[in-house]
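Trainee: I would like to learn how to read salt bridges and a sheet. Where do we start?

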Amino acid sequence: MANLRLSNITKKFGKNVLAVNNINLEVHDGEFIVLLGPSGCGKTTALRLLAGLEEITSGNIFIDKKDVTYLAPRKREVSMIFQSYAVWPHMKVYDNIAYPLRLKKMSQDQIDQIVKEVAEMADIKKYLDRYPNQLSGGQRQRVAVARAIAVKPKIFLMDEPLSNLDAKLRVSMRTELKTIHEKTNATTIFVTHDQAEAMSLADRIVIMKDGEIVQIGTPEEVYNECANMFVADFIGTPPTNFIEVEVIFKDDNYFLKNPDFSMKVNSEIASRLNAYKGQKIIIGIRPENIIITDKENSIMSVECLLTEPQGSHKILIARINDEIVKIVASAENQIKPREQFFITFKLEKILFFDYNTQLKI
């Protein structure tokens, strides 16, 4: 497969729309990279620039050190898989996969061997004699994947390929895509707005906002070491709870002070907060890191406003200093609306953000 490098890539539409703003990214051979962000963040535009489907405004794209910035799409040795499957309805599955191989003037024996190999890899071998309208959405998407694999590109580009599938099928297709990636060791760039999809598929996640990259990291890094409040809010379901606190220094100890609670921090956290003594900061605490406990071990009591059963767990909704917070509890939890209960935070899991910049402290 291939290494990919984006150097200072910018894309403008007209004079006023800056879709991609000076992004830099290096993708290693065989890596599965996910571009993640909300609608309009520039992720699909970035993918189309890679494919050569959009003209670049400035910057350079390198595949294996070769500058492909101004090469036509067919000369870049990339395959793109679209949201809409893009399989030819008048061709059987076999011919859909074989068509790009015929364009390469391969022999029929070579074509036959490759089609059967990739069809088996994508688990569609038994459908080779069917037309796309005889297949389910998931099967058609596997045809698109098999066709992309067949031409042995240097890089796979996938533009929200699972978004047209129902929720259950999306989950199973994630597993299949991951399995195919393991078999092919293909360098892959995958675009999605679904953070669960990104977390389950990616070797590294590239989080974008307003045409810029705001953080790059493994799923664990972007979840636990959020670069700013945007990332902390975007990654995770339910999203991170944000609470305004003041950093108080008293009796040689640091405390996080809020009208509803006061929490002592350890020396490691104290050293990080030293520059914020007497100032407001924002803490982020994920719903699963708020612990339901007894009065002795708690930092405060809260009232349950609502419960949201989720099958494997339950979400309790409460309020801290007029801010709504969500708490993940076990499915067996018996707390009901209007009941009081005690909570504390997992200290080592608290995220700290500058009040003004919203950047991680």
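Mentor: Start with a cut-off. A residue counts as buried under 20% relative accessible area, as exposed over 50%, and as partly exposed in between. Keep in mind that this is a predicted model.

Trainee: Is Arg204 buried or exposed?

Mentor: Arg204 has 19% relative accessibility, so it counts as buried.

Trainee: Which side chain does Arg204 meet in a salt bridge?

Mentor: The general idea comes before the case. Side chains of opposite charge can pair when their charged atoms come close. Here, Arg204 pairs with Glu31, at 2.5 Å from N to O.

Trainee: Which residue forms a salt bridge with Lys280?

Mentor: Glu244 does, and the closest N and O atoms are 3.3 Å apart. Lys280 lies in strand β14 and Glu244 in strand β11, so parts 36 residues apart in sequence are tied together. Lys280 is partly exposed, with a relative accessible area of 45%. Glu244 is partly exposed as well, at 34%.

Trainee: Which residues do salt bridges with shared partners join into one network?

Mentor: Asp64, Glu77 and Lys154.

Trainee: Now the sheet. In what order do the three strands of the open sheet run?

Mentor: Again, the idea comes before the case. Strands of a sheet pair through backbone hydrogen bonds, either parallel or antiparallel. In this sheet the order is β15-β20-β16, with antiparallel pairing.

Trainee: Why is one side of β15 and of β16 left without a neighbour in the sheet?

Mentor: Both stand at the edges. β15 (290–293) and β16 (300–303) each have a single partner strand, so one side of each has no neighbour in the sheet. Neighbouring strands here are turned by 50° against each other on average, direction ignored.

Trainee: How many bridges pair β15 with β20?

Mentor: Four, in the antiparallel sense, with β20 covering residues 340–345. To find the pairing in the model, go to Ile290, which stands opposite Phe345 in β20.

Key: Residues are numbered from 1 along each chain as its sequence is written. This is a predicted model: local features need pLDDT of at least 70, side-chain atom pairs count only at pLDDT 80 or more; totals for chains, interfaces and linings use all residues. Side-chain values use heavy atoms; hydrogens and water are left out. Two strands pair if DSSP finds at least two bridges between them. Helices (H or I, at least four residues) and strands (E, at least two) are DSSP runs, numbered from the N terminus. Axes are lines fitted to C-alpha atoms, for helices over the stretch in contact, and angles run from 0 to 180 degrees between N-to-C directions. A salt bridge is a side-chain nitrogen of Lys or Arg within 4 Å of a carboxyl oxygen of Asp or Glu. Buried means under 20% relative accessible area, exposed over 50%, partly exposed in between (1.4 Å probe, protein chains only).
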